[in-house]
Amino acid sequence: MRRIAGVFKDALHVLFLGALIGLSISTFGLLFELLGELSIEMHASREPYVILAQIIITLVASFLSYQIVRREPIAEGIEVPHVLMAIRGEEDISGFGRIGAVVGGSFLTAVTAIPLGPEGAGGLLSGQLVVFGQRLDRHNVGNRGEIAMGLSAGFGAAFLAPLSGLIYGFEEGWHHFSWRLLWKGILMCLSAYLVSYAVETAAGMKRIFALEGLIFPGWESFYMLGILFLLVPPLVYLFSWLFRKLNAYVRLRRDRLLFRLRTPVFFLIVMVMGFLFPYEAVIGSGHALVEHTTGIAIWWSALLFFAVRFLLTIVGGNAGSTGGIVIPSLAMGALLGRLATLLAEEFLGMDPSYSPFWIVFASCYFLATLNKVPLTAATLLGSSLFFVTGDWLGALLSVLISLPVYALACLPLYLHKAEDLYDGLIEIEEEARHLPHLHGVPLEN
C-alpha cells in the first residue's frame, strides 16, 4: 500500500511539473513570437521614424545584452548545453538570477531579430522548474533523470510534439534507459503538451511546420523520390558538418575574432541585414521561419539566404546574444530543402506541390545531423505531417522513410564517436573552466 501511495505521489509530482513547464514554455514562446513579429515588421518598414526607432532599440538592446552577459555568462549563446551539464552533474543551473538573465536576453534577441531561437531559454527554464519542484519534494532532490525529462517536456511543449519531446530527453540528455523514468517522462510530456496546446490554441499560434499544401509525395513519384534522396541528404549533411566545425572554431577564438565589442557590433550587423533582407528566412527566430521559406521562388535566392543565416547563426551564438539552436537549425535545413526542390523543379520538372514535404524533411534532417538525434527528428517530421494534414498513413510512411535516412546520416558520427553540436560546446566550456572532460561518470536513475 505504501508503494502504491509513493507511485501516486510521484505521478502527481511529475504532472504538476509538466503543467508548470507547459504553461511557462507556451507563455514565454508567445511573448517571444510577438516581439519577433514586431521586429520583422520594423525591419520591413521604410518609414524614417521606424528606422530611427529600430536603431535606438538595437543600441539599447546591445548595451543591455552586454551587461547581462557580463553578470551572467550563462546567458551568452546557446543555453541547452548548460542543462545537459546539469544532467551530468557538472553544473548547477538553479538561481532565479540566472533564468531571469536568460529570459531577458532572449527577449532582447527577439526584438532585434537575431537568428537564435527561444528554445535555449526554454530548456533552461524547464530544467530550473524541475529543480524547483524537487526542492518542494525533498526525496527527489538531485534526481538528474527528472531534469532530463523536464528538457523533454519543454521540447514537446515548444513544438507541440510530446512523443518527439520524450525521445529527445533520452536521445540527447539521458542515455540510460529506466522504466520508472520512462513513465515519469510520459506523464510530464503529456501534461506539458496539453497545457501548452490549450494556451497556444487559445492564442491562435501556429505550429512551426504549418505549411500550406504539406502532403506526403506518394509512391507515384517514386523516381523523383529517388532523385531527391540523392540530392537532399548529402547537401544537408555537408552543411550540418560544416556548421559544427565552424561554430567550434569561432567559439574557441571568439575573443580574438569578434573582440570585446562583439555584442554591439553584431547587433548592428543584424539590423543592417534586416534592412537589406527583410525576410524571416534570414533574420528572426520565430515559428514563421520555415513557413516563409516556401515563398522563395529562385534557387540562388535560397542559397544566398541560407549563407546569410548560416553565418549570422554562428556569430550570434558567440557574440553576446542569448538563444537556442533548434529552431535556427530547422530554418537552415528548410532553406537547403527549398534550394534542392527549386533545383529539382527547374532542371528535373518536379511537381511543385511536393516541395513543402521536402522542406520539412530537410529541416528535420539538419536537426538530426547537427545534434545527432535521428529518432527525435523522424518523429517530429511524422507528428508535424499528421497534425497539419490529418493523414496518419502519410505520417507513418514519412517516419518509416526518414528514420533510416536520418539514422544512416548519423551513423558516421556514432562510429567515429564524433561530437554533436552540444557536446562540442560542453567540451569548450569545460576547457574554458579548466575542468577535466568527464567520461563514463555513473548517473543515477
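Biologist: In which loop does L160 lie?

Modeller: In this predicted model, L160 is placed in the loop between α6 and α7 (162-173). Its phi is near 50 degrees, a positive value in a residue other than glycine.

Biologist: Is L160 buried or exposed?

Modeller: The cut-off for buried is under 20% relative accessible area. L160 has a relative accessibility of 4%, and therefore counts as buried.

Biologist: What is the phi of A113, and where is A113 placed?

Modeller: A113 is not a glycine, yet its phi is positive, about 65 degrees. This residue belongs to the loop between α4 (96-111) and α5. A113 counts as buried because its relative accessibility is 1%.

Biologist: What volume does the largest cavity have, and which residues are closest to its centre?

Modeller: The volume of the largest cavity is about 210 Å³. Its lining comprises 21 residues, of which I25, P118, E119, G154 and A158 are the closest to the centre.

Biologist: Which helices each supply at least two residues of that lining?

Modeller: They are α1 (2-44), α5 (119-136), α6 (144-159) and α14 (326-348). The largest share, 5 residues, comes from α6.

Biologist: How do the lining residues divide into nonpolar, polar and charged?

Modeller: The lining of the largest cavity has 12 nonpolar residues, 6 polar and 3 charged.

Biologist: How many residues has the largest nonpolar core, and which have the most contacts inside it?

Modeller: The largest nonpolar core has 124 residues, and those with the most contacts inside it are F159, F243, F361 and Y406.

Biologist: Which residues does Y406 touch?

Modeller: Leaving aside residues up to four places away in sequence, Y406 touches F361, C364, Y365, A368, P374, A377, A378 and L381.

Biologist: C364 is a cysteine. How many disulfides does a search of the whole structure find?

Modeller: The search finds 0 disulfides. As for accessibility, C364 has a relative accessible area of 0% and is therefore buried. C410 is buried too, with a relative accessible area of 0%.

Technical notes: Residues numbered from 1 in each chain as written. Predicted model: local features only at pLDDT ≥ 70, side-chain atom pairs only at ≥ 80, totals over all residues. Heavy atoms only, no water. 1 Å grid on protein atoms, 1.4 Å probe; cavity = no way out; pocket = protein on both sides within 12 Å on 5 of 7 lines; lining within 4 Å. Points joined across faces, edges and corners; volume = space filled by probe spheres on them. Helix = DSSP H or I, 4+ residues; strand = E, 2+ residues; numbered from the N terminus. Nonpolar A, V, L, I, M, F, W, Y, C, P; charged D, E, K, R; others polar. Core = buried A, V, L, I, M, F, W, Y, C linked by side-chain atoms within 4.5 Å. Buried < 20%, exposed > 50% of the residue type's maximum accessible area, 1.4 Å probe, protein only. Contact = heavy atoms within 4.5 Å. Disulfide = S-S within 2.5 Å.
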